[in-house]
Amino acid sequence: MKTVYTLVSSPTHAYAGHPESPQRFARLEACLSRRTDIERLEAAPARLDEISRVHTPRMITGLEAACRQGPGIIDHAPTYVTRTSFDDALLASGGTLACSRLVWEGAAPNGFALVRPPGHHAEPGRAMGFCLFNNAAVAAKDALARGLERALIVDFDAHHGNGTQAAFRDDERVAYLSTHQEGIYPGSGRIEDVPHAKGRIVNVPLPAFSGDAAFRRIAEAVITPLAARFRPQMIFVSAGFDSHWNDPLTSLGLTSAGFFVLAQRLVGLAQEHCGGKIVFVLEGGYDPQNVADGATAVFAALTGSESAPGGGDASPHPEPDITPRLDEVRRWQGL
Ligand SMILES: [Zn+2]
């Protein structure tokens, strides 16, 4: 098989004026249909027992009730639900499972779940932050139930993945590494967030405008040594293209070329440690062109392209020096 992907665009999970909208996928379809080196999988809804490996029964029934009574707002993020959102969220998790199962079983080399609603803010006990079910966590738990012993989840969304951190804070089979802009939603993700999981849950909060240069250094100084020490058998990536400098909600500094270099490094680590097994899962990213360009960059890395596609989106902001931050992270994590 080729590199696999799923596309779950959830057209009726929509709320007037909200940035997490079906419009995010507006430029995606065209760039996917041009490629002959990737293979689309049909998504089936995740089953409730698959969702309940991450989420509590109370959370699942509460979310279903809120959706059936929708449309409505369920938190201050604001996170919205509509009458179809429960089924949309099951399909987003199911689309992620479709990719991760084939990759874990070795039938496909690697994959990318392009799904919404996103997942990484969704905690075991509550949906939040535009996220309903935690798609990446559901997929990692599923692979763990099928014999995977150690997974690494890398989350380069501009926001901290509090939901993923919560899902695995006491699960020693999973290492979680998040890069995010410091001081923005949801407020978690400090270096010392989870002292008892030091060395396994790794938070790298970054100053505004940290971009391609910062992420090269993080890959080299934090992600690579963490992977060498943890020796994952599969890598999951929470890919949020809101870390692009042009995102309307956040202020990090990555470009399409930066996404390519980062994805290429993660694919390289998967080849080194995991027989190539890596699955990217879409999280945020609120500019449709950034989502399309970011996905193109990730597919280029997954299919072994040697050079970055596109370009022409250089950041206008000078990058801060993240050396002191990297030193702090490495010292706390013993890397
Ligand atoms: Zn985000």
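# Helices, strands and loops in a predicted model

Guide: This model is predicted. In it, Asp212, Phe215, Arg216, Ala219, Ile223, Thr224 and Ala227 of helix 7 meet Ala257, Gly258, Val261, Leu262, Arg265, Leu269 and His273 of helix 8.

Visitor: What classes of residue are in that contact of helix 7 with helix 8?

Guide: The contact of helix 7 with helix 8 has eight nonpolar, three polar and three charged residues.

Visitor: At what angle do the axes of helix 7 and helix 8 cross?

Guide: The axes of helix 7 (residues 212–230) and helix 8 (residues 256–273) cross at roughly 15 degrees and come within 10 Å. That makes helix 7 roughly parallel to helix 8, since angles under 35 degrees count as roughly parallel.

Visitor: Is the crossing of helix 7 and helix 8 left-handed or right-handed?

Guide: Helix 7 passes helix 8 in a right-handed crossing.

Visitor: And how do helix 8 and helix 9 pack?

Guide: Helix 8 and helix 9 (residues 288–302) pack at about 35 degrees, and their axes are 8 Å apart. Their crossing is right-handed. On the helix 8 side, the residues include Phe259, Phe260 and Val267, and on the helix 9 side they include Ala297, Val298 and Leu302. By class, this contact of helix 8 with helix 9 has nine nonpolar, three polar and one charged residues.

Visitor: Changing topic: how many residues of strand 9 are buried?

Guide: Six of the six residues of strand 9 (residues 234–239) are buried. In a regular strand, side chains alternate between the two faces of the sheet. In strand 9, Met234, Phe236 and Ser238 lie on one side, with Ile235, Val237 and Ala239 on the other, and both faces are covered.

Visitor: Which strand pairs with strand 9 over five bridges, and in what sense?

Guide: Strand 6 (residues 151–155) pairs with strand 9 in the parallel sense, over five bridges. Within this pairing, Val154 has Val237 of strand 9 as its bridge partner. Strand 9 is also joined to strand 10 (residues 278–282) by five bridges, and these two strands run parallel. There, Phe236 stands opposite Val279 of strand 10.

Visitor: What about helix 5, how much of that is buried?

Guide: Nine of the eleven residues of helix 5 (residues 135–145) are buried, so helix 5 is largely enclosed by the rest of the structure. Among the buried residues are Asn135, Val138, Lys141 and Asp142. Just after helix 5, Gly147 takes a positive phi of about 105 degrees.

Visitor: Which residues other than glycine have a positive phi?

Guide: Ser10 is one of them, with phi near 45 degrees. Phe209 is another of these, with a positive phi of about 75 degrees.

Visitor: Where do Ser10 and Phe209 lie?

Guide: Ser10 is in the loop between strand 1 (3–8) and helix 1 (28–33). Phe209 lies in the loop between strand 8 (201–206) and helix 7. Ser10 is buried, because 23 other C-beta atoms lie within 10 Å, and the cut-off for burial is 20 or more. Phe209 has 17 such atoms within 10 Å and is partly exposed.

Visitor: Which peptide bonds are cis?

Guide: A cis peptide bond joins Gly70 and Pro71, with omega about 5 degrees. The bond from Arg116 to Pro117 is also cis, with omega near 0 degrees. Pro71 is in the loop between helix 3 (57–68) and strand 3 (72–73), and Pro117 is in the loop between strand 5 (111–115) and helix 5.

Terms used: Residues numbered from 1 in each chain as written. Predicted model: local features only at pLDDT ≥ 70, side-chain atom pairs only at ≥ 80, totals over all residues. Axes fitted to C-alpha atoms, helices over the stretch in contact; angles between N-to-C directions. Helix = DSSP H or I, 4+ residues; strand = E, 2+ residues; numbered from the N terminus. Parallel < 35°, antiparallel > 145°, perpendicular 65-115°, else oblique. Left-handed = near helix turned anticlockwise from the far one by under 90°. Contact = placed C-beta atoms within 7 Å. Nonpolar A, V, L, I, M, F, W, Y, C, P; charged D, E, K, R; others polar. Buried ≥ 20, exposed ≤ 12 C-beta atoms within 10 Å, placed from the backbone. Pairing = 2+ DSSP bridges.
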